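Please keep the sequence and the model in view while reading.

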Amino acid sequence: MIADHPDRHRLVDRNVLTYYDDDCNVRRAYTYAEFGALVGATAAFLHERLGLVRGDRIATVLFNHDLTVLVYFAAWTLGVAVVPINAEMLSAELEYLIGHSEIGLAVIAIPCLIYSMDLTVLFLAVPHLSADLQPSSAQ
């Protein structure tokens with residue numbers, strides 16, 4: 001992300017993202033270096049374990065939190081398009097959007113677990129697109 005920036009040596013330790021949730025008493029902050037490493041690891045997982053490549057599409061059914069930003073940057077790093085879907089959408093609307101958006105993967109966060117684990121994003125395959133991508137592949 002900052003590899004080509006002329007002041008990269010001064011930026012790596014600066015804060016790039018801070019997430020607060022006062023209701024759950026959660027605060028997470030990331031430096032450029034930390035965020036870049038997490039993006040790289042997530043992009044590697046998406047590519048190596050789930051087979052995503054440039055031109056693929058993923059749907060995200062996520063709330064506004066730091067893990068959402070991480071998934072977006074990881075997808076964009078690979079050249080994968082992101083189809084954002086409102087997490088509060090009714091199931092029939094959600095089913096329609098996922099079925100008609102030509103995606104190969106849906107990324108869904110479970111709100112009750114989001115604060116108790118480092119990365120609680122589930123990567124779920126869209127059944128009609130690939131038998132190789134199964135929920136059991138995500139770890």
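## A positive phi after a helix

Helix α4 is followed by Glu 102, whose phi is positive, near 55°. Helices and strands are here DSSP runs numbered from the N terminus, a helix being H or I over at least four residues and a strand being E over at least two. Glu 102 is found in the loop between α4 and β5, and its phi near 55° is a positive value in a residue other than glycine. Most residues other than glycine have a negative phi. With a relative accessible area of 64%, Glu 102 is exposed, where exposed means over 50% relative accessible area, buried means under 20%, and partly exposed lies in between (1.4 Å probe, protein chains only).

Helix α4 itself, residues 91–100, is hardly covered, since the count of buried residues among its ten residues is one.

## How the model is read

The model is predicted, so local features need pLDDT of at least 70 and side-chain atom pairs count only at pLDDT 80 or more, while totals for chains, interfaces and linings use all residues. Residues are numbered from 1 along each chain as its sequence is written, and side-chain values use heavy atoms, with hydrogens and water left out.

## The overall plan

The secondary structure of the protein comes to four helices and six strands, and from the N terminus on these elements run in the order α-β-β-α-β-α-β-α-β-β. Of the 139 residues in the protein, 37% are buried. The protein exposes about 8600 Å², of which carbon and sulfur atoms supply 54%; accessible areas come from the Shrake-Rupley method with a 1.4 Å probe, and for residues only the protein chains shown count as cover.

Contacts, meaning heavy atoms within 4.5 Å, can also be sorted by distance along the chain. Among contacts between residues at least 6 apart in sequence, 55% join residues at least 24 apart.

## A hairpin of two strands

Strand β1 (residues 15–21) and strand β2 (residues 26–31) pair in the antiparallel sense over six bridges, pairing being assigned if DSSP finds at least two bridges between two strands. The two strands form a hairpin with four residues between them, and Asn 25 in the turn has a positive phi of about 55°. Across the pair, Tyr 20 stands opposite Arg 27 in β2.

Not counting residues up to four places away in sequence, Tyr 30 touches Arg 14, Asn 15, Val 16, Leu 17, Phe 35, Leu 38 and Asp 66.

## Aromatic rings

The structure holds four aromatic pairs. The rings of Tyr 30 and Phe 35 have their centres 6.3 Å apart and their planes at 65°, so this pair is edge-to-face. For such pairs, rings of Phe, Tyr and Trp (its six-membered ring) must have centres within 6.5 Å, and planes under 30 degrees apart count as stacked, over 60 as edge-to-face and the rest as tilted.

Both partners are covered: Tyr 30 counts as buried at 13% relative accessibility, and Phe 35 is buried with a relative accessible area of 4%. Ring pairs link Tyr 30, Phe 35, Tyr 72, Phe 73 and Trp 76 into a cluster.

## The nonpolar cores

Which residues touch the most other members of the largest nonpolar core? Of its 22 residues, they are Phe 35, Leu 46, Leu 52, Ile 58, Val 80, Leu 105 and Val 107. A nonpolar core is a set of buried Ala, Val, Leu, Ile, Met, Phe, Trp, Tyr and Cys residues joined through side-chain atoms within 4.5 Å. The elements that give two or more residues to this core are α2 (32–49), β3 (57–62), α3 (66–78) and β5 (105–109), and the largest share, seven residues, comes from α3. Apart from this core lies another, of seven residues, among them Val 61, Ile 85, Ile 98 and Ala 106.

Val 39 is found in helix α2 and is buried, with a relative accessible area of 5%. Leaving aside neighbours within four places in sequence, Val 39 is in contact with Leu 70, Phe 73, Ala 74 and Thr 77. Val 39 and Leu 70 are 31 residues apart in sequence and 5.9 Å apart in space, C-alpha to C-alpha.

Thr 68 lies in helix α3 and is buried, with a relative accessible area of 10%. The side chain of Thr 68 reaches the backbone oxygen of Phe 63 at 2.5 Å.

Terms used:
A polar contact is a pair of N or O atoms within 3.5 Å; within protein, one must be able to donate a hydrogen and the other to accept it, and residues adjacent in sequence count only if both atoms are side-chain atoms.
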